Structure formats: C-alpha cells, structure tokens
Amino acid sequence: MENNHLETPVIKVNLNTCTRCGLCTKICPTRIFTSAKGDDMVTTHPEECVLCGQCICGCPTNSIVHSGFNSGNFERIKNKRPVTSESAFEFLTQRRSVRNYKEIIPPVELLEKIAGIAGFAPGSPHHRVGWVREMTIVTGKDNMNIVRDMTAEYIQKTIRLLNSWYLKAMANFSELAKAGIGVVPDLQMRHDSYKKGNDLIVYNAPAAIFFHAPRFSSTPQTDCDTALQLVQLYAESFGLATCWNGLIQGAAAGDHLKGFTKLAEFLHIPVENKCYAAMTIGYPSVSLHSIPERKVDVNWIN
C-alpha cells in the first residue's frame, strides 16, 4: 500500500465494465457496495472498509478500483487445493511445542519470511486499526539472555504479588485470584531453577518473536493469537520448532504488574501497543517418533 492504511480509502466501481452481478455486495463484510436490482453499483461508507481485499479478489471483471491496494501486487490463485486433507492432517498433528533447541540462530532472511505469513492470519481490523500485524523478533544469545533475565524479574515480582495477603483474601471471593495463586508453585519452580543457572523460561532458545497490537483495536488478543499460530505452522515447514511462551509474553505486557515496562522498552514496543502473544523459535535438538492421543468433546445442536 502506498498510502496510510488508517486513511479512509477511495473505492470506486468502473461502470463501463461492471456486469451488475452483485458479487461484491455479497462478499464485502461491511456492506460497502449496494445497488438495487439491475441498477449501477454504488459505494457507501468507505470508512468502514477493513482492507480484506475480497471485493477485488472476487470481481470477475476487475471493475473495482481501491486506493488501498495496488492491483499489480495481487497474485492469481493457481491451485485451489494445494494440500490434501490427509497431508494437512499429518502436518498439523505432528506439530508439537518444543523446548529443546540447537544453538544455531535461524537466518534473519528466513525469520523475516516466516514472520510475513502473519499478514494472512484472521483478524478483525475495524477501521483498519490492527490491519498491519506488528511483531518484534529477538535473536542471539546475549539478547535472549536479556529477555530471560527481565522475565525472571517479572516472575519474582508476580510471585510476591500473588503471595500477598490481599490476593489471598481476594481468593475467597474471586475465581481469578484463586487461579492466579494456583500458578505460584510453577512460577517458583522456574525462578528457583533460574537462580541455579537452569533456563526453564526461554529454554535456551536462540530466538523469540513477540506479537503486539494497538490496545484500542477491536480484538488485539485474537489478532495476535491467530498471527502467532500461523507463524508457528509456517515455521514447521522450514524445519524450525516453536513454543508458545506465556511467561515472556506476560513480562513484555507487564500483565498484573503496573509499571513493569522493562521488557517492552527493550523490545521497542510502542507505548500505545501491548504484547498479547510470544513464542520461542529455533532448530529442534530432539525429534519425536510418535503423535500423542488427543481428545475433543463435541456437542451437537441439530
């Protein structure tokens, strides 16, 4: 895009080539395109556009002109079924969370390519806020040690908060407070291990990716979660392993600790943004030979 994505786009229909098929009115999620039966197509409320681009991708005569997109950057779909259901199942079920990494740092070009898939993750960018996926990638032992050390400090302060008399009193009335206190043993174990020189925080990973979004966007948590999962899956195709890491995410967000901004500042996360998801990434040092059983409980309403 050549213009600012937050600006209201200009959307027009070329009436000389438009066939009045009405497809754009069906696929536009914010119903910008309208027309009476047989009448010319008109656009209203372009400020509601979420930049999904489906109007352009679906128009059979390429009659839609959108200031937010360069049509020359669109790629034609060559294979509508690039993977079989069998190969997709095999790929998805083999993905595991990995906490054992080689010291090799993935190439910057590869990490950048993998990160780029985040732009295709599902999201809800109302008024285009959050349309651009934002992330910070940390690589190298020294930088990862900083992430680990700052997270360890965050863990220590969180333990102190959760052990306070106030939270213990709140646990009698709040399930959230009760659940928070329930994680203290795990946090304590990780911090004790850290003090002994064992890394159960980032697991000696050579790199990490932090996903952040504007706090005032419509669904920042979901936007970051879906972006992370797509990046995880794409990374697998290059032989990389990942682990969704709530500890470094919490430290980067300063969750529950007002004023804890050390890691966010180190990551250069804009003050109007918050880190909602994070993961470690690297080449796995172990391989698994089996896929564990997983159960799903489905309720039907027919």
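Modeller: With the cavities. This is a predicted model, and three cavities of 30 Å³ or more are counted in it.

Colleague: How is such empty space found?

Modeller: Empty space shows up when a probe the size of a water molecule is rolled over the atoms. In this model the largest cavity has a volume of about 110 Å³.

Colleague: Which residues lie nearest the centre of the largest cavity?

Modeller: Cys18, Cys21, Cys24, Cys59 and Ile64 do, out of 16 lining residues. Helix H1 (23-27) and helix H2 each supply at least two residues of that lining, and H1 has the largest share, with three. By class, the lining of the largest cavity divides into 11 nonpolar, five polar and no charged residues.

Colleague: How much space lies in the second largest cavity?

Modeller: About 80 Å³. It is lined by 13 residues, and Cys28, Phe33, Cys49, Cys52 and Cys55 are the closest to its centre. The lining of the second largest cavity has nine nonpolar, four polar and no charged residues.

Colleague: What about open space? How much of it is in the largest pocket?

Modeller: A pocket, unlike a cavity, is an open set of points. The largest pocket holds about 1,600 Å³ of space. Its lining consists of 41 residues, with Cys52, Cys57, Phe69, Phe74 and Phe120 nearest the centre. Note that Cys52 is named among the residues nearest the centre of this pocket and also among the closest to the centre of the second largest cavity.

Colleague: Which element gives the most to the lining of the largest pocket?

Modeller: H2, with four residues. Helix H2 (54-58) and strand E4 (64-66) each supply at least two. The lining of the largest pocket divides into 22 nonpolar, 15 polar and four charged residues.

Colleague: Now the sheet. In what order do the strands of the four-stranded open sheet lie?

Modeller: Read across the sheet, the order is E5-E6-E8-E7, and the pairing is antiparallel.

Colleague: How many bridges join E5 to E6?

Modeller: Six bridges join E5 to strand E6 (residues 207-214), and the two run antiparallel.

Colleague: Which strands does helix H4 lie across?

Modeller: Helix H4 (residues 108-115) lies across E5, E6 and strand E8 (273-282), and runs at about 155 degrees to E5. Another helix, H5, lies across E5 and E6 and runs at about 115 degrees to E5.

Colleague: How do I read a helix pair? Take H4 and H9: at what angle do their axes cross?

Modeller: Look at the angle, the distance between the axes and then the residues that meet. The axes of H4 and helix H9 (residues 220-236) cross at roughly 130 degrees and come within 9 Å. That angle makes H4 oblique to H9. From H4, Lys113, Ile114 and Ala115 meet Val231, Tyr234 and Ala235 of H9. By class, this contact has five nonpolar residues, no polar ones and one charged.

Colleague: And H5 with H10: at what angle do they pack?

Modeller: Helix H5 (residues 141-162) and helix H10 (residues 246-253) pack at about 80 degrees, and their axes are 9 Å apart. The two helices are therefore roughly perpendicular to each other. On the H5 side the residues are Val147, Thr151, Tyr154 and Ile155, which meet Leu247, Ile248, Gly250 and Ala251 in H10. Six residues of the contact between H5 and H10 are nonpolar, two are polar and none is charged.

Colleague: One last item: where is tyrosine 283 found, and what does it contact?

Modeller: Tyrosine 283 is in the segment after E8. Neighbours within four places in sequence are set aside when its contacts are listed; among those that remain are Asn100, Tyr101, Pro106, Leu110, Phe238 and Leu240. Tyrosine 283 and glutamate 109 are 174 residues apart along the chain, with their C-alpha atoms separated by 15 Å.

Definitions and conventions
Residues are numbered from 1 along each chain as its sequence is written. This is a predicted model: local features need pLDDT of at least 70, side-chain atom pairs count only at pLDDT 80 or more; totals for chains, interfaces and linings use all residues. Side-chain values use heavy atoms; hydrogens and water are left out. Axes are lines fitted to C-alpha atoms, for helices over the stretch in contact, and angles run from 0 to 180 degrees between N-to-C directions. Angles under 35 degrees count as roughly parallel, over 145 as roughly antiparallel, 65 to 115 as roughly perpendicular and the rest as oblique. Contact means heavy atoms within 4.5 Å. Ala, Val, Leu, Ile, Met, Phe, Trp, Tyr, Cys and Pro count as nonpolar, Asp, Glu, Lys and Arg as charged, and the others, Gly among them, as polar. On a 1 Å grid over the protein atoms alone, a cavity is a set of points where a 1.4 Å probe fits but cannot get out, and a pocket is an open set with protein on both sides within 12 Å along at least five of seven lines; lining residues have an atom within 4 Å of a point. Grid points are joined across faces, edges and corners, and a volume is the space filled by probe spheres set on the points. Two strands pair if DSSP finds at least two bridges between them.
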